[in-house]
Amino acid sequence: MAEPFYVTTPIYYPSDRLHIGHALTTTMADTIARYKRMRGYDVWFLTGSDEHGQKIQRKAAEAGISPQEYVDRIVATFQELWRQLGISYDDFLRTTEERHKKAVQTLFRRLEAQGDIYKSTYHGWYCTPCETFWTETRLAQGCCPDCGRPVEKVAEEGYFFRLGRYADQWLRFVEENPDFIQPPSRRNEMISFVRGGLEDLCISRTTFDWGIPVPGDPKHVIYVWFDALTNYISALGWGTSEQEKFEKYWPAVTHLVGKDIVRFHTIIWPIMLMAAGVAPPRRVFGHGWLMVSGGKMSKSKGNVVDPMVLIEKYGADAIRYFLLRELPYGADGYYTEEALVERYNRDLANDLGNLFSRSLAMVERYAGGVVPVPGPATERETELAAVVRHSIARTEQELERLDFAGALAAIWEVVDRANKYVDEAAPWNLAREKQTERLHTVLYHLVETLRVLTVLLAPFMPGLPPRVWPQLGLEAAPQLQEWESIHRWGSFPPGAKVKRKAPLFPRQEGVAAPVAEAATPASTVPQITPRKEVTLTEMATVSIDDFARLDLRVAEVEAAERVAGTDRLLKLALRVGEEERTVVAGIAQVYQPEELVGRQVVLLANLQPAKLRGITSQGMILAASDGEAISLLTVDRPIASGSKIT
Ligand SMILES: [Zn+2]
């Protein structure tokens with residue numbers, strides 16, 4: 001029977017729409033869930049929403065609607081975000097569901113019956129944004145030590161959970177289970193917190209009523225954290241007559257949480273379970289925060305980044321890649337849109353995207369699009385295979401310890417090595433010299449590398465494989481898409497027909513418009529134009545006179561070179577009849593300078609000159625673009641340069 005693997009995200013608080021920090025945790029959980037499924041585990045992936053509490057009640061009152069209506073609306077946006085981000089959860093638990101309320105009350109009753117819950121009066125402080133009780137001594141300069149915001153003085157009758165009674169049992173458990181709290185730095189922090197003394201925890205409130213009532217004493221509602229943490233077992237049917245899921249998946253669980261809520265998950269939650277006679281979770285992983293300019297994201301700072309907007313602009317795979325790549329293991333990462341675009345262009349468009357497109361282009365050009373039978377491998381192929389083998393092993397290790405950035409770095413060793421392999425093996429020379437067997441060997445090893453990369457990247461970028469398999473001609477070969485298959489290097493079937501399509505990750509900076517744009521300072525943030533289908537009727541009509549104002553000419557490329565300091569601009573020397581022109585064009589990602597020399601292109605000759613990187617561009621060459629691919633306009637048959645286009 002398959003080994004169970006249960007992974008959870010925190011259940012998010014629907015007081016507002018989610019930001020990119022929530023997308024981070026959920027993407028991590030999704031990636032490990034997908035990976036474990038590929039490795040044959042019986043996976044259960046839970047996410048959800050934590051819908052009770054004072055803050056929700058206040059927000060709903062401000063909006064003039066009921067709390068239930070309020071959370072319904074916001075939870076719908078959560079689910080839409082997860083759909084767009086490709087999150088493959090198995091269950092979405094809402095704490096307002098009956099199944100959850102029952103489990104929370106069952107747990108409460110059980111702890112109360114055995115004397116672990118008692119009634120008393122609470123005197124202390126409460127941070128409403130964090131929904132956290134604080135004693136005087138834990139406050140930081142009179143404020144919440146977690147978020148730094150002011151706290152409210154609270155004196156109310158409440159139910160208390162005897163947390164302190166379990167401190168020793170907790171310390172023993174953590175000692176016997178060194179992998180329970182990860183990464184280890186957080187473990188030490190939690191141990192010293194508990195050694196500092198655990199106070200009994202107030203687990204009910206009376207100042208509002210948007211919560212689960214205390215059984216038998218409905219003027220109290222159960223404290224949101226006691227309520228929320230229970231979701232991890234209520235979703236599995238714990239405490240009911242149908243608890244097969246609980247029996248199967250608990251405690252084989254990995255709780256993924258941000259570092260700010262590690263304490264709740266590693267101290268309060270396991271003690272609640274210990275008291276109820278349930279095994280504590282196997283692993284709690286506290287990842288760092290994604291910082292934005294101005295520090296941690298928060299609505300009051302106005303620096304909240306909406307993941308929906310980014311997904312629409314760059315695609316879900318690119319956002320997932322950035323999140324997983326940018327956060328070093330256990331530490332904080334930084335988000336800026338510039339950093340996102342830079343990563344996208346460097347890692348995805350250049351390194352990965354180019355490897356795919358040039359490899360497939362060479363199979364088409366030199367082997368008629370059919371994957372050839374390889375000849376004998378040389379040292380180069382042996383070395384490539386060794387890099388691949390090493391990378392697979394490292395990816396597996398890093399994923400086991402939830403180091404997503406480390407795993408992607410391991411995968412990029414293959415990408416880098418394969419790009420170098422192309423440059424060194426120089427298939428174009430082999431083709432020219434008619435070294436067909438050697439050429440076939442190189443092409444074969446390239447497509448096999450692409451296959452391995454696609455499998456390795458599947459958990460991280462689930463949108464990638466469905467786009468790649470048809471291009472590799474492997475859409476009907478599921479066994480070659482499985483994780484286990486990449487341990488068998490050389491499985492690619494010769495004879496498969498490749499079909500190159502549009503680039504997997506089109507460049508984000510200006511490739512779509514090879515126009516002589518107005519001079520921009522080098523530090524300007526690249527403006528990203530989202531792909532947009534323009535229907536013909538959207539444009540205003542022009543008269544023939546308007547058209548006649550454009551001086552369009554046939555020009556011949558006499559020389560071409562890259563513009564230093566940019567990776568997208570080419571400087572072209574054009575002959576236009578008797579005249580010579582210099583034009584800067586943003587096509588370097590798509591055209592090599594050498595291949596343009598001697599070509600006839602179409603020049604808009606009377607465009608106002610513009611300075612680009614210190615070069616005066618005298619006109620613009622025309623190109624077609626569908627937003628991804630780009631193709632220069634040329635003339636159907638050779639004609640004198642300088643000829644007018646009418
Ligand atoms: Zn706080």
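Reply: Let's start with Leu-310, which sits in helix 11, a stretch covering residues 307-314. Keep in mind that this is a predicted model. Leu-310 has a relative accessibility of 4%, and it counts as buried because that is under 20%. So what does Leu-310 touch, once residues up to four places away in sequence are set aside? The list is Ile-20, Val-305, Gly-315, Ile-319, Tyr-335, Glu-337 and Leu-340. Take Leu-340 from that list: it is 30 residues from Leu-310 in sequence, while their C-alpha atoms are 9.7 Å apart.

Now pick up Ile-319, another of the residues that Leu-310 touches. Ile-319 belongs to the largest nonpolar core, which has 109 residues. Together with Trp-82, Leu-348, Leu-352, Trp-412, Phe-460 and Met-461, Ile-319 touches the most other members of that core. Met-461 is worth a stop too: leaving out neighbours within four places in sequence, Met-461 contacts Asp-317, Tyr-321, Leu-348, Leu-352 and Phe-505. There's also a second, separate core of 65 residues, with Val-104, Phe-108, Val-194 and Ala-275 among them.

Phe-547 has a relative accessible area of 35%, so it is partly exposed. With Ile-544 and Leu-550, Phe-547 makes a nonpolar surface patch of about 290 Å².

Last, the cysteines: Cys-127 is buried at 0% relative accessibility, and Cys-144 is buried at 1%. A search of the whole structure turns up zero disulfides.

Terms used. Residues are numbered from 1 along each chain as its sequence is written. This is a predicted model: local features need pLDDT of at least 70, side-chain atom pairs count only at pLDDT 80 or more; totals for chains, interfaces and linings use all residues. Side-chain values use heavy atoms; hydrogens and water are left out. Patches are made of residues with over 30% relative accessible area and no salt bridge: like charges are joined within 9 Å, nonpolar side chains (Val, Leu, Ile, Met, Phe, Trp, Tyr) within 5 Å. Accessible areas come from the Shrake-Rupley method with a 1.4 Å probe; for residues, only the protein chains shown count as cover. A salt bridge is a side-chain nitrogen of Lys or Arg within 4 Å of a carboxyl oxygen of Asp or Glu. Buried means under 20% relative accessible area, exposed over 50%, partly exposed in between (1.4 Å probe, protein chains only). A nonpolar core is a set of buried Ala, Val, Leu, Ile, Met, Phe, Trp, Tyr and Cys residues joined through side-chain atoms within 4.5 Å. Contact means heavy atoms within 4.5 Å. A disulfide is a pair of cysteine sulfur atoms within 2.5 Å. Helices (H or I, at least four residues) and strands (E, at least two) are DSSP runs, numbered from the N terminus.
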